[in-house]
Amino acid sequence: MTSELLTDPPAPAGEDLMGPMAQVRLQALADAVPVALMEFRLQDGRLRLLAANAAARRMPGLGAVRTSGVDASEVFDLLADTPLMNQLHGVVRVGAPLECRQVVREPGRLLLAWDLTARRVADDSIMVTVRDAGEAEALRAALAASERSLEEVRRELREQTEVFNTTESLARTGHWRRIEDPGETVLLWSPGLCEIAGFEQQEWVDSERAVSGILPEDRHVFSQLRESGKGLDVEYRWRRPDGAVRWMRSRVQRALPRDGVQVVMGVVQDVTDEHRAAEQLREQLLFIQRIASRIPGFIYEFRLHCDGAASVQYISDAVREFMGVEPQEVTADHGVLMLRVLAEDRPQLRRSAIVSVRRLVPWQCEYRVRMPDGTVRWHMTNAVPHREPDGSVVSHGFTMDITERKRAEQEIERLAFYDALTGLPNRRLLLDRLQRAIVTSLRTRALGALLFIDLDNFKDLNDTLGHDMGDQLLSQVAARLVGSVREADTVARFGGDEFVVMLQGLAPELPNAATQAETVAEKLLASLNQPFDLDGQQYYSTPSIGVTLFGDERLAVDELLKRADLAMYQAKAAGRNTLRFFDPDMQAAVNARSHLEAELRQGLARAELLVYYQPVVDRHARLIGAEALVRWRHPRRGMIGPGEFIPLAEQTGLIFPLGQYVLQHACAQLQRWGRHPDTAALSISVNVSARQFRQPGFVAQVLQTLKNHGADPRKLKLELTESLLLGDIEDTIARMGQLKNEGVGFALDDFGTGYSSLSYLKRLPLDQVKIDQSFVREVLANPNDAAIVRTILTLAKSLDLQVVAEGVETTGQLSFLRRHGCEAFQGYLFGRAGPVEDIDAFFYPTC
């Protein structure tokens with residue numbers, strides 16, 4: 001082979017065969033070959049290109065074929081890293097020809113596919129041919145891919161068939177197909193159908209054999225299925241070759257004919273276990289019904305479904321007798337049962353049932369039902385819940401009538417714990433309740449009281465009029481005692497003519513609790529001092545009452561009763577028809593309080609109460625008003641401070657006439673000041689207690705008092721305490737609004753010492769707040785008090801409220817208050833509370 005690319009020197013003149021013309025002809029012949037031809041020579045251990053034809057130069061993938069002398073690795077650059085180079089060297093050295101296919105790919109693309117041959121043409125030269133095998137390689141790859149896909153489909157089909165057959169086996173189900181064409185009918189059975197029928201696995205089944213196992217008495221059922229053609233479920237019995245009889249459920253579906261071929265398909269399921277379970281259930285239900293008809297109650301099955309719906313699956317016929325409803329009514333709507341339950345028992349019934357279902361714990365509940373004839377019966381229900389696999393909860397229960405048992409229990413309790421004559425708790429029940437009350441008082445810190453009551457001269461009544469009259473008196477005394485105390489208190493007959501009243505929930509402070517107990521004892525005394533009607537005759541009986549408190553220390557029940565009994569005997573020794581406390585000091589305090597109350601009533605009647613006025617000034621010490629304060633000038637004790645008698649007035653109700661007394665004086669003074677230009681601008685503040693403010697008709701009383709005295713409502717300011725906010729805030733706002741509409745102003749007294757809520761404070765129609773003197777007193781010495789005062793001033797300013805500082809006694813306090821924005825002041829620095837003449841002296845100092 002020669003070419004224009006050959007670089008060897010020309011042949012000698014005698015070698016005509018390889019002359020230029022021969023080389024041209026040989027080159028033309030090589031270029032005409034459609035196969036790539038290349039000649040390589042081994043030089044210095046490397047294969048170098050000598051010549052290449054036109055097909056080689058055109059073939060993609062061959063590099064550097066236009067350059068003579070290049071290395072074979074550059075010509076076959078895409079195959080440089082493959083064994084091809086070593087194989088070509090082997091052809092040169094050994095002379096064995098080489099035939100191979102070279103394929104180079106990259107992901108998703110074929111780079112080259114060559115059929116390559118190499119033969120040695122000289123000792124050191126080889127001829128290499130390359131044919132493009134890309135199309136063949138692509139077809140081969142496509143064929144291989146198709147074969148892999150086909151195998152994958154076959155594998156999936158085998159798996160699906162295996163899964164389907166396994167599913168049929170597990171479900172005890174099978175199917176058949178009957179293919180009908182004009183020339184032939186073929187019946188095919190699935191492996192699952194063969195298994196449940198007891199046949200060996202076979203694909204083709206004879207039509208007669210296909211129905212051979214159906215019991216003769218069930219053949220008509222299968223015939224109906226075959227005639228209907230589709231959509232009908234029928235059940236029949238099948239005898240297997242081994243003699244076992246199984247229940248089968250079958251459904252047929254007929255497909256539309258196609259190309260003259262009719263296909264009928266059927267599904268068969270072995271439902272023997274279902275039939276056995278149903279039969280067992282019927283037997284169990286029959287057994288339960290037989291038992292239920294012989295027991296004193298009814299049984300039921302209640303199901304709470306996963307979606308929250310509930311239903312009664314079963315209820316025995318006895319519900320008709322015990323609840324007055326039909327069983328079918330209950331299974332249709334179990335709510336009819338709840339309608340029979342008394343309304344007051346339904347909440348507890350529902351709550352306990354819900355707890356049982358949620359926690360899966362046994363349920364027991366007692367409740368009352370109203371029968372159709374109006375009678376009320378007691379029922380008790382027991383149930384045991386359990387969770388089903390589907391998540392629902394099923395409760396099996398039994399309900400029985402316990403009315404007679406309840407009556408017996410009540411009678412036993414009455415005989416054991418209640419007095420037969422009066423119906424009151426007896427000594428045993430009292431001791432139990434007292435023990436519980438002592439524990440409760442120690443825990444809650446709310447004191448209690450024990451009142452021991454003995455009827456004076458009761459023995460004389462029994463001896464003179466007889467025991468029947470004595471029993472009547474005891475019954476009436478019991479009724480009056482119960483009517484004189486709260487429902488939460490206990491009245492018990494201790495024995496004979498002795499009664500005990502136990503009070504709970506009294507004040508935590510001993511003096512206040514003693515006052516409350518005394519009030520109740522006085523009420524009992526007053527009630528029992530009224531005449532009794534004994535067989536149409538009036539009879540008077542008086543009690544002696546001993547009182548002791550409990551809850552401040554841990555005492556035994558016997559000790560408390562002993563103390564109350566001793567106090568009762570002290571009352572008898574004091575002349576009877578009276579009360580005494582066990583504690584001498586407490587008794588002395590009660591006596592002193594009672595005496596002071598009587599004197600206060602007399603003091604109001606004798607005008608011993610005086611209204612004093614304490615000046616209120618602005619930042620320039622100019623008088624802008626006064627606060628009306630009440631003082632008591634006792635004929636023997638002299639002046640009594642308000643701290644001693646105002647709380648007493650609050651407790652006894654004397655605060656109502658006392659407050660009206662101060663209000664009348666203040667309105668009269670406003671009217672007098674209003675007649676003179678120098679004093680017409682002055683206002684008067686009057687303190688109003690929470691109890692006084694809430695009394696019915698308070699608003700009308702204030703407005704009528706202003707009208708009676710011709711006083712300007714705009715000059716009257718009512719001072720309220722923060723305790724008023726602890727009550728009915730809406731009622732408080734409404735009352736304040738009514739007075740505010742008439743011009744009356746309001747101040748919040750002792751601000752910062754109570755329980756003010758800012759949400760309430762901004763709603764109240766206030767004009768002013770008063771800083772309590774306890775903060776003002778230490779404002780220069782205590783940083784906390786100073787911070788509180790500054791905060792109150794800032795808060796009042798934000799709410800557009802005036803501020804009066806109480807208890808200002810030094811110029812240092814005044815300077816601090818002025819510096820932080822306070823505009824009005826009250827205290828000893830400007831004057832003590834005194835008669836109105838002291839106020840007038842501000843304007844008429846020479847008088």
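At 35% relative accessibility, arginine 405 counts as partly exposed, the classes being buried for under 20% relative accessible area, exposed for over 50% and partly exposed in between, computed with a 1.4 Å probe on protein chains only. The structure is a predicted model, in which local features need pLDDT of at least 70 and side-chain atom pairs count only at pLDDT 80 or more, whereas totals for chains, interfaces and linings use all residues. Residues are numbered from 1 along each chain as its sequence is written, and side-chain values use heavy atoms, with hydrogens and water left out.

The side chain of arginine 405 meets that of glutamate 366 in a salt bridge, with an N to O distance of 2.6 Å, where a salt bridge is a side-chain nitrogen of Lys or Arg within 4 Å of a carboxyl oxygen of Asp or Glu. Because arginine 405 lies in helix α14 (residues 403–417) and glutamate 366 in strand β13 (residues 363–370), the pair ties together parts that are 39 residues apart in sequence; helices (H or I, at least four residues) and strands (E, at least two) are DSSP runs numbered from the N terminus. Glutamate 366 is likewise partly exposed, at 29% relative accessibility.

A further salt bridge joins arginine 303 to glutamate 388, the closest N and O atoms being 3.8 Å apart. Arginine 303 lies in strand β11 and glutamate 388 in the loop between β14 (376–387) and β15 (393–401), so this pair ties together parts that are 85 residues apart in sequence. Arginine 303 counts as buried at 15% relative accessibility, while glutamate 388 is partly exposed, with a relative accessible area of 25%. Strand β11, which holds arginine 303, spans residues 297–304. The side chain of arginine 303 also makes a polar contact with the side chain of serine 392 at 2.8 Å, a polar contact being a pair of N or O atoms within 3.5 Å of which, within protein, one must be able to donate a hydrogen and the other to accept it, residues adjacent in sequence counting only if both atoms are side-chain atoms. Leaving aside neighbours within four places in sequence, the residues in contact with arginine 303 (heavy atoms within 4.5 Å) include Ala309, Gln313, Asp390 and Val394.

Arginine 714 forms a salt bridge with aspartate 712, with 3.1 Å between the closest N and O atoms; arginine 714 is exposed, with a relative accessible area of 63%, and aspartate 712 is partly exposed, at 26%. Elsewhere, Arg101, Arg105, Asp115, Glu137 and Arg140 are linked in a network of salt bridges. The count for the model comes to 49 salt bridges.
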